[in-house]
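Open your viewer and get ready to select a few residues with me. We will visit some charged pairs, then a sheet and its helices.

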Amino acid sequence: GLTPLQVPSPDTLETGLLGVVKGACIVERPGAVEQLEAGWLAVTEGSGFPIAGFTDPISRDFIRQLDIRGAAGLVVRLGHGWDVVPVAMVDEAQHLFLPIFTLPGDETPAMLLRLVHQAVGQQEIAVLSRALSVQTELIDALTYPDVERELINRLSTRLGVSAILYGSTRNVLASQGEAPVHLIRDRIRSGTDTGTNFVVGRWEVSVAPISVPVGTYWLALAWHDSIELSHEIIRSTRYALQQLLRAHLTTRQNSKRHDLIQRAELLAEIIEGVTVARLSRLGDRLVLLHFPRDGSFQIHAMQHKPSISNNYAEPNKTTPEIDSTLSIIQDTAEACGISVLLAEVNDRYLILLPRSEVFTRELLL
């Protein structure tokens with residue numbers, strides 16, 4: 001039953017106003033705007049306002065106060081306090097680009113308020129439903145081999161944004177979309193445990209840290225400023241992805257640490273000497289670590305070199321660090337498709353492996 005009386009542009013009611021209305025309240029006195037929140041409609045019958053002409057300062061000040069409070073517009077119910085909207089209100093609203101609508105006398109303000117709040121509630125339910133749908137899809141990505149890449153790809157596709165995951169040294173672990181990856185990376189600031197928002201060119205960017213035992217990863221979402229996105233969707237899905245990545249990365253690091261410890265203990269037993277009684281048990285343990293049961297094996301000894309310090313490493317971590325050299329050796333072996341035992345013994349790195357010329361070349365490199 002709303003009739004636009006003073007609307008800044010013809011499409012405001014359809015595109016602008018309906019997109020910002022967050023509620024409505026009745027305001028029947030000029031000084032009672034404190035209860036109005038930003039994005040709300042003010043609804044009045046005018047019963048508490050004096051009747052005045054074009055120069056009425058009270059009516060003009062009322063419109064100014066609505067504008068200061070961030071009102072989405074003014075709804076006037078005619079036929080009770082006013083038969084027409086005061087000219088001073090219409091003129092002041094025109095200057096401040098504040099929409100005014102009239103409500104016929106047979107429609108009650110209570111009915112309008114109920115309809116507005118019902119519509120707002122439905123919008124919130126739609127946002128929640130979409131957020132839960134995205135989060136369900138992200139959880140399913142945990143079952144894929146390359147979890148980080150799968151999570152980033154799904155989030156980017158589902159929301160229509162660019163998504164980037166940076167490692168603790170700011171290297172790009174996964175990226176989907178056309179956002180300026182390196183320009184965004186240069187804007188990330190260490191030493192913060194909260195998310196930040198900034199602009200890079202025409203891109204709006206939301207960045208959040210992901211703290212894990214041995215460092216901090218960074219999740220960035222970027223979209224063009226021309227794209228309409230719900231900030232609730234961005235905030236909720238970013239938080240869900242943070243939690244999933246934190247759990248996945250922490251579990252993976254703990255598993256890798258446990259695996260390295262297990263391999264070092266087994267290598268120490270072999271170095272001490274393999275007796276006939278221990279041979280079968282050691283062979284079974286090697287097979288469980290994806291070693292061949294038969295074949296030739298090699299042991300490499302490498303001179304120990306102190307690990308290069310990581311400028312982005314987190315201080316005061318209580319969890320023991322994984323030796324970066326051992327980690328690199330392990331990753332290299334996996335890339336070559338073989339399993340190795342490795343440990344640091346007497347300032348040397350010892351590596352036991354099935355004979356492999358490919359891995360030996362990579363190790364020397």
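How many salt bridges does a search of the whole structure find? The count is 13, and bear in mind that this is a predicted model.

**Stop 1: helices α2 and α3.** Select Asp-91 and Arg-60, which form a salt bridge with their closest N and O atoms 3.0 Å apart. This pair links distant parts of the chain: Asp-91 sits in helix α3 (residues 87–96) and Arg-60 in helix α2 (residues 57–69), 31 residues apart. Asp-91 is buried at 17% relative accessible area, and Arg-60 is buried too, at 12%.

Arg-64 is partly exposed at 36%, whereas Glu-92 is buried at 8%. Show these four residues together: Arg-60, Arg-64, Asp-91 and Glu-92 are linked in a network of salt bridges.

**Stop 2: the sheet.** Next, select β11, β13 and β12, which in that order make up an open, antiparallel sheet of 3 strands. β11 (297–303) and β12 (341–345) are the edge strands with a single partner each, so one side of each has no neighbour in the sheet. Zoom in on β11 and β13 (residues 348–354), paired over 7 bridges; Gln-298, for instance, has Leu-353 in β13 as its bridge partner.

**Stop 3: helices on the sheet.** Finish with helix α9 (residues 324–335), lying across β11, β12 and β13 and running at about 160° to β12.

Note on methods. Residues numbered from 1 in each chain as written. Predicted model: local features only at pLDDT ≥ 70, side-chain atom pairs only at ≥ 80, totals over all residues. Heavy atoms only, no water. Pairing = 2+ DSSP bridges. Helix = DSSP H or I, 4+ residues; strand = E, 2+ residues; numbered from the N terminus. Contact = heavy atoms within 4.5 Å. Axes fitted to C-alpha atoms, helices over the stretch in contact; angles between N-to-C directions. Salt bridge = Lys/Arg side-chain N within 4 Å of Asp/Glu carboxyl O. Buried < 20%, exposed > 50% of the residue type's maximum accessible area, 1.4 Å probe, protein only.
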